[in-house]
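Here's a quick briefing on aromatic contacts, pair by pair and then ring by charge. Have a look at the model first.

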Amino acid sequence: MLDRRKFLKLGGCLGVLPFAPSLVLGQKPQTFIKSGPVRNGKVVSAAHWGMLELTIKEGRIIKSEPLEKVTQMDNPLQHYTPDLAYHSRVKYPYVRKSYLENPDHPKPELRGKDPFVRVRYEEALKLIARELKKTREIKGANAIYGGSYGWKSTGNMQNARTALQRFLNLTGGFVGGLGDYSTGASQVIMPYVMGSIEVYEQQTSWENILQHSKCVVIWGADPLATLRIAYTATDQRGIAYFEKLKASKIRVVCIDPVYTDTAKFLNAQWVAPRPNSDVALMLGMASHLVACKKVDYKFLETYTTGFDRFLTYLQGKEDGVKKDVAWASQVCGIKSSTIEKLAESFYDQPTMIMSGWAMQRAHHGEQPHWMLVTLCAMLGQIGSKGGGFGLSYHYSNGGVPTCKGGVISGLDVGSLGLWKNGKFQGLAKDHSDHNTEEWLRQNAGLSLPVARIADALLNPGQSIDHNGRKITYPDIDFLYWVGGNPLVHQQDTNKNVQAWRKPRTVVVHEIYWTPTAKMADIVMPATTSYERDDISMTGDYSNMHIVPMKQAILPVGESKDDYQIFCDLCKIYDPALYDIYSDHGKHAKDWIKQFYDNARKQTKSFGVAFATPMPSFEEFWAKNKPIVFEANAESMEWVRHADFIEDPILNALGTDSGLIEIYSQSIAKYNYEDCKPHPTWFEPIEWLGNATKQAPFHLITSHPKYRLHSQLCQTSLRHTYAIHDREPLLINTHDAQKLGIQHGDVVRVFNKRGEVLAGAHVSAHIRPGVVRLCEGSWYDPDAKGLCKSGCANVLTLDMSASKLSNANIAHTALVNIEKYKGPLPKISAFSPPKISHV
């Protein structure tokens, strides 16, 4: 399976060119052991927040608990499965009233305002098929956007994103997405610097760190919050290792505008720079290392290229500005003596710098991780035991040793279907003539940076620079979205709402009445992972478990699996497609067994010495228990980039030079004014350095610790953190006093882009002048556009980090705050929209 994270390593795009055929194309369906929901009892399942044991009584989930206890800390996300199964559900197919009346003139300006009409399942499928065909015939594949982003439900079989892309490829191609919101800048810049994206790569083993590191720096991350979840299902060992770090004698430094839960737990030294000033802080450290002659020049000469060009910039010979400690202190707000002591201590002892992704989710976000690599190269510790850097210790348990075992695959995105005069002609993989190549070039669909979707919808025909080439926005007229909530995760919500009212058709498969579902024309009710059979692994890096995800309850209402919806849609779209899409009629259960059996064959190839053999699928499924794999000595001792350090010629990096590129000749050729060929300090468009009376506070929009982005927002877990039913706004004690705000007050947070209500959480654990409103609260506007619930992206900027990455800049924003004195409006985000019975 090419999921979001692993696929990025290939540098490809899901929206262009034909794809590989099904992994098991041509095989007949296999007999699957009988299964189904239990009436009473316990069922094993998995979610992004870990392996679960569900208690079923009279056919309903009444309790959810962790399947295993790994750490001393409870993960509250694991206890709210009953709410996820039953709260805010879309139970039936619905169509927006104006769209149902006339799909050719559907009044898209009423999207999000119109009532919905319940329709029969078959009627909804016929409407989708007819309107999709119509769009293809009139405007082609470049008018269809396949928007299935990110954190779909756990499970390798029921991967909503893959299911959608498989269908859209088969029906003639689509416009896809490039990159992601999480690491949009770093995953573009790091291949130039390190030869790989780094952000989704395995890290130096925690066992190695605990044995050899003397200092651990956690820079712009809060692992105790973000390690509650993983992209597959968390193995929970990352937090367990942070517990071991606390018990060790290793010094810990946390560099962050917020004194995070992680910093408190580890009793870490807190260094609180201004947001978006991390590059300046690192430049000051680099300058001091040069001045005090604590630079590993042998390392730089052997393993890097371009340091001399960077040094010219550092010393001010390029722009007349010396990036010395005094300059850095002025920019980042950290004392010069602190900068100097930190730099020297990093050099004097094995230091592992664990960076989060927040610093690159900002204006000029390509620079922080590039500069971090440069700083670590100057220290000479990259690829060493206990030293270097890592960009994924806070995500999906990076650094937990990789286990040796079978790996569960999943559906692929299929092959591109060829069409002529509305008739299916076969698959692109079966054609190799010139005419097919020309058809693909004109019709296969292109790809856009994911964070540019609103811009693209509003500006068809506009061209942008992107990573050394030009991209022209297509005229998108059909949005098909599954497995995501883009009305919440895209920046500048008001602009995004305007953009979503431009296409003729918006189709959404959704479990819940999310803000996105309410902005659709056709809504298909999807099952949760607790209403279907599936299979998953835990640990994106460890591959520690294979977990059976048994169906726990019957589907709610008329909800169906995404795979089933697309199989049924294929039959209506063109009967010839169903056989290809389903690989000759495979049911979801047949695929699950196939994926398991393939993994079992892998383990058999390891030989008799392999410690964890996999039983037959029937035995595995009947036992209702996960399979556990173990790490070997090699993975326990593994050091990232150690092979490169041992032999930089034989084990060259994937960069143009094969070395760490502090200066990039490729980027130099692009001649971008907003991304120079070496790490550079750029002043952000909005930050405390240019704050005004109208917008004096810097807003950071961190990952929430009680949600997975917008997932779980509608559950009763909300009652444990919301203030007057609003998202909490963390504000410094002195700032609150100046504004006459007390802990627990409701405040209006606003700027020129929008306004939200939030609950004031007053604390000394945030730098003065900075406020934090975690992302993911469901957008809930009143009649004037005020978001009642506190959706952070109402306030953030929708503009590119630079021409290189076109990534989002969600952590670059200035806001104002005032105490809210009006009557508190009732939250309506979790209620269904208006339903018309006409």
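Ring pairs join Phe-167, Trp-419, Phe-424, Phe-478, Tyr-480, Tyr-563, Phe-566, Tyr-573 and Tyr-581 into a cluster. Keep in mind that this is a predicted model. Across the structure there are 38 aromatic pairs, and two of them get a closer look below.

**Trp-481 and Trp-500**
- The ring centres of Trp-481 and Trp-500 sit 5.7 Å apart with the planes at 45 degrees, so this pair counts as tilted.
- Trp-481 belongs to strand 20 (residues 478–482) and Trp-500 to helix 20 (residues 493–500), so the pair ties together parts 19 residues apart in sequence.
- Trp-481 has 4% relative accessibility and counts as buried, because the cut-off for that is under 20%.
- Trp-500 is buried too, with a relative accessible area of 1%.

**Phe-617 and Phe-620**
- Here the ring centres of Phe-617 and Phe-620 are 6.1 Å apart and the planes make 50 degrees, so we have a tilted pair again.
- Phe-617 and Phe-620 are three residues apart in helix 24 (residues 617–623), which means about one helical turn separates them.
- Both Phe-617 and Phe-620 are buried.

**Charges over rings**
- Which ring does Lys-571 lie over? That would be Tyr-578, with Lys-571 over its face at 4.5 Å from the ring centre.

Terms used:
Residues numbered from 1 in each chain as written. Predicted model: local features only at pLDDT ≥ 70, side-chain atom pairs only at ≥ 80, totals over all residues. Heavy atoms only, no water. Phe/Tyr/Trp six-rings, centres within 6.5 Å; stacked < 30°, edge-to-face > 60°. Helix = DSSP H or I, 4+ residues; strand = E, 2+ residues; numbered from the N terminus. Buried < 20%, exposed > 50% of the residue type's maximum accessible area, 1.4 Å probe, protein only. Lys NZ or Arg CZ within 6 Å of the ring centre and 35° of its normal.
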